[in-house]
Amino acid sequence: MVIGPQKDQAMSLVRATDTHEHFLARLDPRSRIVGAVLAVLASVAMTSLSGQMAMVVAALALAAIADVDWRAMLHRLAHVEGFMIVLLILLPLTMPGRALVSLGPLALSDTGLMRAVSIVLKVNAAVITTMALLATLEPVRLGRGLASLGVPARLVHLLLFLVRYQSLFREEGARLMEAMRARGFKPRVNLRTFRAYGNFTGMLLVRSMERAERVEESMRCRGFSGKFPLRATRPLGALDFAFSLLLALVLVGIILLDRIA
Amino acid sequence: MAHIPDGVLSFPVLVGGGALAVGAIALGLKKIGDEDIPRTAILSAGFFALSLFALPVGPSSVHLLLGGLMGIVLGTAIFPAVCVALLLQAVMFGFGGLTTLGVNIINIALPGALIGSLVAPMIQRATPARAAVIAGVASALCVALTGLMVAASLALSSADYMLSARVMIASYIPLMLIEGFVGGFCISFVKRVKPELLAGAA
């Protein structure tokens with residue numbers, strides 16, 4: 001049973017995907033995971049506007065180093081902001097504070113607006129950091145990194161299977177959808193539409209179950225007893241220490257700036 | 001809408017959600033036998049793929065949350081399944097976040113685990129038509145609970161989020177109805193085509 005790297009165009013964010021020349025690719029996945037978590041925690045903990053802006057700048061610098069596809073990143077940031085729209089519109093309108101602009105009963109308060117800006121900065125810093133350090137990491141390496149950081153092997157196996165099979169079921173689902181359209185299915189808001197989606201959902205589940213049974217049998221045939229060897233990790237290299245030290249210095253610097261400002 | 005990003009919630013809420021999630025995942029992993037790993041994992045991949053489909057409904061489209069269906073099919077294994085799914089989404093697509101992972105897992109998986117394990121035995125014994133009704137109500141209820149929990153996560157983080165939390169709850173109502181119908185029809189289909197799928201709730 002090989003859980004190989006899954007090349008998925010829709011999922012890859014880096015132009016020069018994990019090429020071995022790139023220094024981020026030569027980092028141990030552990031350095032990248034721990035670095036990303038610390039940097040995201042720091043972005044979330046920022047309390048001042050200057051600290052929040054500094055984190056966004058640092059995140060953008062990381063993204064530049066990681067050589068991300070900026071258009072894909074903008075696309076994703078726009079999507080993230082979609083969730084935030086409610087919060088960003090309502091906060092300036094409902095928080096008490098000095099009115100900046102008032103339109104009849106509606107007033108934009110200064111504290112509310114500041115709050116909205118600070119949320120936008122924090123969310124973006126976190127997303128950009130995650131993309132720079134983790135979206136560019138091949139999921140299989142992510143899994144191995146997590147395993148060597150002490151994440152239970154069963155959870156890592158779940159992740160690796162998910163990576164392996166999700167794109168397969170997405171393709172299968174897309175084919176089912178196409179077949180529905182070919183038979184003249186037009187989505188509306190009625191019971192017939194929901195029944196079609198129910199059947200679609202059920203069919204995809206049945207297919208995954210059947211696939212699961214086949215895979216399970218073939219794995220048993222090969223003597224699977226519940227564990228794969230997760231490849232032993234190499235010791236961290238000089239590059240990992242250099243990267244971690246640099247990142248730590250930048251984060252401590254920004255946190256100091258945040259607390260002083 | 002159930003994926004709360006990094007940078008919105010307060011630390012106590014993040015820590016609380018994280019701690020709950022760790023416990024729930026440990027419980028779920030314990031229930032999966034070593035030899036059940038491939039089955040649970042591949043079914044989780046199926047659910048994950050389903051959740052990524054934007055289903056057009058009239059002029060708009062929806063993503064299903066699938067909490068109810070996952071609870072019915074996976075039982076408590078829903079916690080580790082949702083954990084890896086949300087981790088992959090946060091890392092690959094930037095939906096949700098790393099610090100909010102625990103809160104998001106609990107918000108989506110807890111209603112599914114509770115209601116799913118409650119109704120799974122009933123669905124096993126019922127006729128396809130009755131199973132559909134039970135699963136439909138369960139699916140809708142899970143969406144409602146997830147909406148309430150997302151709103152509660154916001155409201156507990158800051159009093160300033162109160163109004164946004166209410167708006168958030170209202171925005172879950174259409175999804176609740178749609179997911180109720182789709183979940184019901186889905187279980188009715190599975191019950192007729194492959195009832196074994198419903199037999200092994202861990």
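# Chains A and B: a chat

Q: How much of chain A counts as buried?
A: Of its 261 residues, 48% count as buried. Buried means under 20% relative accessible area, exposed means over 50%, and partly exposed is in between (1.4 Å probe, protein chains only).

Q: What kind of model is this?
A: This is a predicted model: local features need pLDDT of at least 70, side-chain atom pairs count only at pLDDT 80 or more, and totals for chains, interfaces and linings use all residues. Residues are numbered from 1 along each chain as its sequence is written, chains are lettered from A and ligands numbered from 1 in the order written, and side-chain values use heavy atoms, with hydrogens and water left out.

Q: OK, what secondary structure does chain A have?
A: Chain A has 9 helices and 2 strands. Helices (H or I, at least four residues) and strands (E, at least two) are DSSP runs, numbered from the N terminus. The order along the sequence is α-α-α-α-β-β-α-α-α-α-α.

Q: Take α5 of chain A. How many residues does it have?
A: Helix α5 of chain A has 26, residues 110-135. From first C-alpha to last it reaches 36 Å, close to the expected 38 Å. The expected span is 1.5 Å times one less than the number of residues.

Q: And how many of those are buried?
A: In α5(A), 19 of the 26 residues are buried.

Q: What caps its N-terminal end?
A: A:Ser109 caps α5(A) there. A side-chain oxygen of A:Ser109 lies 3.0 Å from the backbone nitrogen of A:Gly112.

Q: New topic. How many residues are in contact between the chains?
A: 71 residues of chain B are in contact with 77 residues of chain A. Contact means heavy atoms within 4.5 Å.

Q: What area is buried there?
A: About 6800 Å² between chain B and chain A, with carbon and sulfur atoms giving 80%. Buried area is the accessible area (1.4 Å probe) that two parts lose on being put together, summed over both.

Q: Which residues of chain B lose the most?
A: B:Ile42, B:Met92 and B:Phe185 lose the most area to chain A. Together they make 10% of what that side buries.

Q: How many salt bridges are there between the chains?
A: The count between chain B and chain A is 3. A salt bridge is a side-chain nitrogen of Lys or Arg within 4 Å of a carboxyl oxygen of Asp or Glu. In one salt bridge, the side chains of A:Arg115 and B:Asp160 meet at 2.5 Å, N to O.

Note on methods
A polar contact is a pair of N or O atoms within 3.5 Å; within protein, one must be able to donate a hydrogen and the other to accept it, and residues adjacent in sequence count only if both atoms are side-chain atoms.
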